[in-house]
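Here are my notes on the model you sent over. I went through the ligand site, then one of the strands.

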Amino acid sequence: MSTASETYSSKYDYIIAGGGLAGLSLAYYLNESGLRNAKILIIDQSVKKENDKTWCFWEAESGKFDQIIQQKWKGVWFHGTREFNRFLPIDEYAYKLIRSENFYQFVLQKLSQNPNITLLQAGVLSFQKLSNQSTEVYTTKGYFEASELVFDSTFRSPYTDTRYNQMLQHFKGWVIETTEPAFDETQPTMFDFRIEQREECRFVYVLPYSKTKALVEYTIFSDNLLPEEEYEKALESYLKTHVKVDKYRIEEVENGVIPMSDEPHIRMPSSGIVRIGTSGGFVKASTGYSFTRTQRFLQKLVSDLEAVGGNGKAFEQSHQTWKKAIYISDWKGFLDSILLDVMLQKRHSSKDIFTCLFSKNRPAQILKFLDEDTSLFEDLAIMNTVPIIPFIKSAFVVIFKKIKYIFR
Ligand SMILES: Cc1cc2nc3c(=O)[nH]c(=O)nc-3n(C[C@H](O)[C@H](O)[C@H](O)COP(=O)(O)OP(=O)(O)OC[C@H]3O[C@@H](n4cnc5c(N)ncnc54)[C@H](O)[C@@H]3O)c2cc1C
C-alpha cells in the first residue's frame with residue numbers, strides 16, 4: 001500500500017470513498033479475494049489512528065477479527081421491568097468488543113502489504129459519471145477516476161421524510177478508571193433500564209475492561225437529541241446509584257448518533273456508484289447495530305463482484321434492484337418497521353418490550369433474531385412473547401403505509 005501523496009495515478013479500478021468501518025472492511029475482503037490485484041484507491045478525510053468508536057457484536061463462531069478482540073464475554077446482565085434482573089448466559093454466542101483504533105491498525109497493516117492499494121487523505125467532494133463506465137471522484141486533492149466502480153460510505157441521508165419511521169440512537173459514553181475495584185470484567189451489562197425513561201427507550205450499558213476500568217454508555221432511542229450536559233448528568237447519576245462509585249477519572253469520551261429508520265435506501269444512486277455502510281442502509285433499523293451486517297453484506301458483495309470477474313458493468317447489471325428505493329421490503333424489514341412504529345408512537349413501554357424478549361425467550365435466540373438468522377416460524381414464536389395489541393396496531397399501520405406507497 002502506498003500513500004497517494006508519494007505515488008498516485010489518476011486512474012484506479014475501484015475507488016473506496018470513506019475508509020471507516022465499511023470502507024476498510026471492503027478493502028480487507030477485496031484484498032483477500034481473487035480481485036487482490038485490482039488497483040484500489042481508499043480516500044478518507046481523517047487519519048484513522050484514534051479510537052473514535054467501540055464496536056460490540058455477538059458471534060457464534062470464531063471471527064475474522066478475533067486477533068483484535070479487546071474483550072469477549074459468555075453472558076450479559078439485563079435489568080428490566082417485572083423485577084427481571086439477571087445475568088443471562090448467551091450459550092453458543094460470545095459478546096465481543098473491538099476498539100476501532102485496533103481495527104483500523106489491523107486492516108491498514110494487512111493492506112500495506114499490497115502495492116495495488118493506495119491510501120489518500122482527502123475530502124471527497126463529488127462524483128461525476130464519465131462517458132464510458134468510469135466515474136470521476138472529485139476530492140480536495142484533485143480528481144481520480146474509477147474505471148469499474150466507486151464504493152461510497154461518505155453519503156449521509158438526512159432521514160427527514162416523514163412518511164417513514166425516523167428515530168435516532170444517540171448516546172454518550174465514558175471510559176472511566178476507578179480507584180477501587182468497581183466492575184466484574186467477566187460480566188458486561190447489555191441493557192440496564194433502571195433509569196428514568198421519560199416515555200422513551202433509555203438504557204445504560206457497561207463494558208468492563210478490568211476491575212477498575214469500563215466503558216459506561218448512556219443510550220436513548222428517540223426522535224430528538226438532548227443537550228450535552230443531560231447525557232453527562234445521567235452518566236454521573238448512574239455511576240453513583242448503580243455502580244456505587246464517586247471517584248473516577250474519565251479517560252475517554254465517546255459520542256454517537258446512529259439512524260434508526262425504515263426509509264428505503266438506494267444502494268446504487270447512479271451508474272458506477274455503490275453505497276456501502278451506513279450510506280447503503282447497513283444499519284439494522286430497529287437496533288442501530290451494524291458491525292456484523294457490514295461484514296456479511298461486504299463479503300457477499302465481494303463474492304458477487306468476483307463472480308463477474310470484477311467487472312463493474314456486469315456487477316451493476318446483476319444488481320438492478322439496488323437502483324430503486326425499496327420500501328416493500330422483506331419480512332425482516334417489516335418486523336423492524338413494526339418495532340420502530342411501536343417505539344415511536346409509544347404504544348407500549350420499550351423497556352417492557354425488551355424485557356419480554358429477553359425474559360421469555362432463550363437470550364441466545366433473541367441474539368439470533370436480531371441478527372436476522374431466525375426462521376419465519378421462530379420469528380412468530382418470538383413475536384408471541386411481546387405485548388400483542390400494540391404490535392398488531394403497528395402492523396396495521398405499517399401495512400397501510402406500504403399499500404399507500406405502492407399507489408402513491
Ligand atoms: C460511537 C459509535 C459507536 C458504535 N458502536 C456500535 C456497536 O457497538 N456495534 C455496532 O454494530 N454498531 C455500532 N455503531 C454503528 C456502526 O457500526 C458505525 O457507525 C460504523 O462505523 C458505520 O460504518 P460506516 O463505514 O458506515 O461509517 P464510518 O465508520 O463512520 O466511516 C465513514 C468514513 O467516511 C469518512 N468520511 C465521511 N465524509 C467524508 C468525506 N466527505 N470525505 C472523505 N472522507 C469522509 C469518515 O472520516 C469515516 O472514516 C457505532 C457507531 C458510533 C458512532
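1. A caveat to start: this is a predicted model, so read the distances below as computed ones.

2. Who else is around? The shell counts 31 residues, of which Asp-44, Lys-48, Cys-56, Val-124 and Ser-290 come nearest. By class, 15 are polar, 10 nonpolar and 6 charged.

3. As for where the shell comes from, α1 (21-32), β4 (54-59) and β17 (248-261) each give at least two residues. The largest share, 4 residues, belongs to β17.

4. Why does the ligand lie between two domains? Because its shell draws residues from both domain 1 (2-51 + 99-159 + 263-323) and domain 2 (166-261).

5. Now for strand β16 (residues 213-222). Here 9 of the 10 residues are buried, so the strand is largely enclosed by the rest of the structure. β16 pairs in the antiparallel sense with β13 (residues 166-178) over 10 bridges, with Ile-176 opposite Ala-214. β15 (residues 201-208) is also an antiparallel partner of β16, over 8 bridges, and there Leu-207 faces Leu-215. A hairpin of 4 residues links β15 to β16.

Definitions and conventions:
Residues are numbered from 1 along each chain as its sequence is written. This is a predicted model: local features need pLDDT of at least 70, side-chain atom pairs count only at pLDDT 80 or more; totals for chains, interfaces and linings use all residues. Side-chain values use heavy atoms; hydrogens and water are left out. A residue is near a molecule or strand if one of its heavy atoms lies within 4 Å of it. Ala, Val, Leu, Ile, Met, Phe, Trp, Tyr, Cys and Pro count as nonpolar, Asp, Glu, Lys and Arg as charged, and the others, Gly among them, as polar. Domain bounds come from an automatic or database domain assignment. Buried means under 20% relative accessible area, exposed over 50%, partly exposed in between (1.4 Å probe, protein chains only). Two strands pair if DSSP finds at least two bridges between them.
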